[in-house]
Amino acid sequence: MLTPEQIGHLRHFDNLSRQRPNDWSLMQGKGIGQDDFGGYRFQLAYMAYALALTHAHRLPAAPGVFKGTFERLIEKMLSPEVWMYWRDTSRGGAVFNAHLVDQLKEEWDPVVRDNIMYSAYVQSMALLYHYLFDDDRYTQPGALTFAHWSFFWGGAERRFVYDENSLNEHIYWQMVENGYVGVACEPNCIFQICNQPAILGFRLHDLIHGGTRASEVTRAYEQAWQQFGRLDANGHYNMMLLQDGRTVVPNAQRMPWVDAWCGTLINMWNRDFVRAHYPRQVSELLQPGEAGALSVHVNERPETPGPRVVADSCDFGWVAAWASEMGDADTLSGLFTHADRYMAPSWRDGGLYYPRNDAELNGAGHRTIMEPLTGNVLLGYARLNVPDGLWRLYNKPWSRARFHEPALVDIDVDIDVYEATYDAKAGRLRFAIRRRADHNANGRVVVRNLGAASRWSVDGGDAVVANEHGTSSIGRGVQVSRDGADFVLHAPAGAELRTLVVEP
């Protein structure tokens, strides 16, 4: 059973996905121009990842909870507001690629070269959607198209046409051409972190279409990095490789986000390595607080030429996500104790989030800084994940048979789903729902693949309110019907129902 807090995070993801085009309310961070680690692309991608983990591990028989939200997140991911930063970033001229500025031209296509910090998330989101919902819409020609035209500037329309397969193929060959060491984010900067989503995408493509590219890439990737070392001299994950000089940039400042983000993602295919180093690494990042609370050390950003960099690091959120993947319940509990005590958990339209706060510490010295990626997404991700959630998604594939099993496939926006599992051996679909009173929808739930089910019952927690024989007097307002092969349930306002469908 999901907790009210977990339901709240799912609602917040859905609420953000439903905002009008180019409405980024609650999502704007401190950074300018989507350059930094709190950008819209990361918020959208990790909302999708959190939905995938929740569907796979907590509500496997409720695709209807997730599918529409997933579609809206992908649609937003293709918005020019998300990827237009690349037009400028592609030219170089920054700290690690200033010497390339005369060699690079402005590039509008956001996935054609480098920019793995965007392209891999589009790739993996589309493939997650296909894998989880058995829906191939993003394989259709032009399904992943990046387009922009302005009446006021820019000249002719820029239009770059891809789909799930062509984008996956393009990223794979970029990886091969770079000797499997990875694809750059900014020109010349190959981050370990941002190549992991591409690996997830390769694995999903193998599961959907067949092939062994994921194992090929991880084997060659591991070999390519042996000459540089996965970890720096202090035992923390190396941050990135400068492509032209083959020079490693270590995590010299021991920035929490580097270890935590790397560890969270690499665990999916290199679990033994990650777990071997996790206890020592995380212990150096944590700061004990009062009454069971745990926080994350506040780190100054590294010195760079020019003005001070203003950006979101999301250290606290990434350490929470890492602890959830490691199954470190004590650390996760301590972090949430701190977050719920000092970081102002808030409810908006039924959704739970932690609002942006730019103040590093409060008057008592407790960490209070909250970036939109952490507050909108990563703390929800950590609450919804299960131990080894990404590892299980990567290594324990679903049987194709599950798409023919009974499931909740269409769910109105005013329905919260707390439980949804199908026991194939017993032939039972079990789910728990509650209809919200703050939404004016129809309280409708559609269950598919029931076959000729002859026995079913709906109970309100302490008594049956409806079954195949009709509706009881205490179940006034509950409506159950068959619509062809579908089982349609309408829940009355405020109802909390547990439904058990038994096939003959």
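Trainee: Is F151 buried or exposed?

Mentor: In this predicted model, F151 counts as exposed, because its relative accessibility comes to 66%.

Trainee: And which residue does F151 make an aromatic pair with?

Mentor: Its partner is W149, and the two rings are edge-to-face, with 6.2 Å from centre to centre and 90 degrees between the planes.

Trainee: How many aromatic pairs does the structure hold?

Mentor: The count of aromatic pairs is 32. One of them joins F37 and F191, whose planes stand at 75 degrees with the ring centres 6.3 Å apart, and since an angle over 60 degrees counts as edge-to-face, this pair is edge-to-face.

Trainee: Where do F37 and F191 lie?

Mentor: F37 is in the loop that runs between helix 1 (4-17) and helix 2 (40-57), while F191 belongs to strand 3 (residues 189-191), so the pair ties together parts that are 154 residues apart in sequence.

Trainee: Are those two buried or exposed?

Mentor: F37 is buried, and F191 is buried as well.

Trainee: Switching to charges, which ring does the charged end of R213 sit over?

Mentor: The charged end of R213 sits over the ring of Y172, at 3.8 Å from the ring centre. There is also R402, which lies over the face of W398 with a distance of 3.7 Å to the centre of that ring.

Trainee: What about salt bridges, how many does the count come to?

Mentor: The count comes to 25 salt bridges. Among them is the one between R18 and D14, where the closest N and O atoms are 2.7 Å apart.

Trainee: How do R18 and D14 count in terms of relative accessibility: buried, partly exposed or exposed?

Mentor: R18 counts as partly exposed, because its relative accessibility is 45%, whereas D14 counts as buried at 8%.

Trainee: Which residue forms a salt bridge with K30?

Mentor: That is D312, and the closest N and O atoms of the two are 2.6 Å apart. As for accessibility, D312 is buried, with a relative accessible area of 1%.

Trainee: And what does R230 form a salt bridge with?

Mentor: R230 forms a salt bridge with E222, and the closest N and O atoms there are 2.4 Å apart. R230 is buried, with a relative accessible area of 8%, while E222 counts as partly exposed at 26% relative accessibility.

Trainee: Which residues do salt bridges with shared partners join into one network?

Mentor: Such salt bridges join K67, E71, D135 and R137 into one network.

Trainee: Last topic, cysteines: how many disulfides does the count come to?

Mentor: The count of disulfides comes to zero.

Trainee: What is the nearest cysteine sulfur to C189, and to C194?

Mentor: For C189, which is in no disulfide, the nearest cysteine sulfur is that of C185, 7.8 Å away. For C194 the nearest is again that of C185, here 3.5 Å away, and because a disulfide needs the sulfur atoms within 2.5 Å, C194 is in no disulfide either.

Trainee: Are C189 and C194 buried or exposed?

Mentor: C189 counts as buried at 2% relative accessibility, and C194 is buried too, with a relative accessible area of 4%.

Definitions and conventions
Residues are numbered from 1 along each chain as its sequence is written. This is a predicted model: local features need pLDDT of at least 70, side-chain atom pairs count only at pLDDT 80 or more; totals for chains, interfaces and linings use all residues. Side-chain values use heavy atoms; hydrogens and water are left out. Rings of Phe, Tyr and Trp (its six-membered ring) pair if their centres lie within 6.5 Å; planes under 30 degrees apart count as stacked, over 60 as edge-to-face and the rest as tilted. Helices (H or I, at least four residues) and strands (E, at least two) are DSSP runs, numbered from the N terminus. Buried means under 20% relative accessible area, exposed over 50%, partly exposed in between (1.4 Å probe, protein chains only). A charge sits over a ring if NZ of Lys or CZ of Arg is within 6 Å of the ring centre and within 35 degrees of the ring normal. A salt bridge is a side-chain nitrogen of Lys or Arg within 4 Å of a carboxyl oxygen of Asp or Glu.
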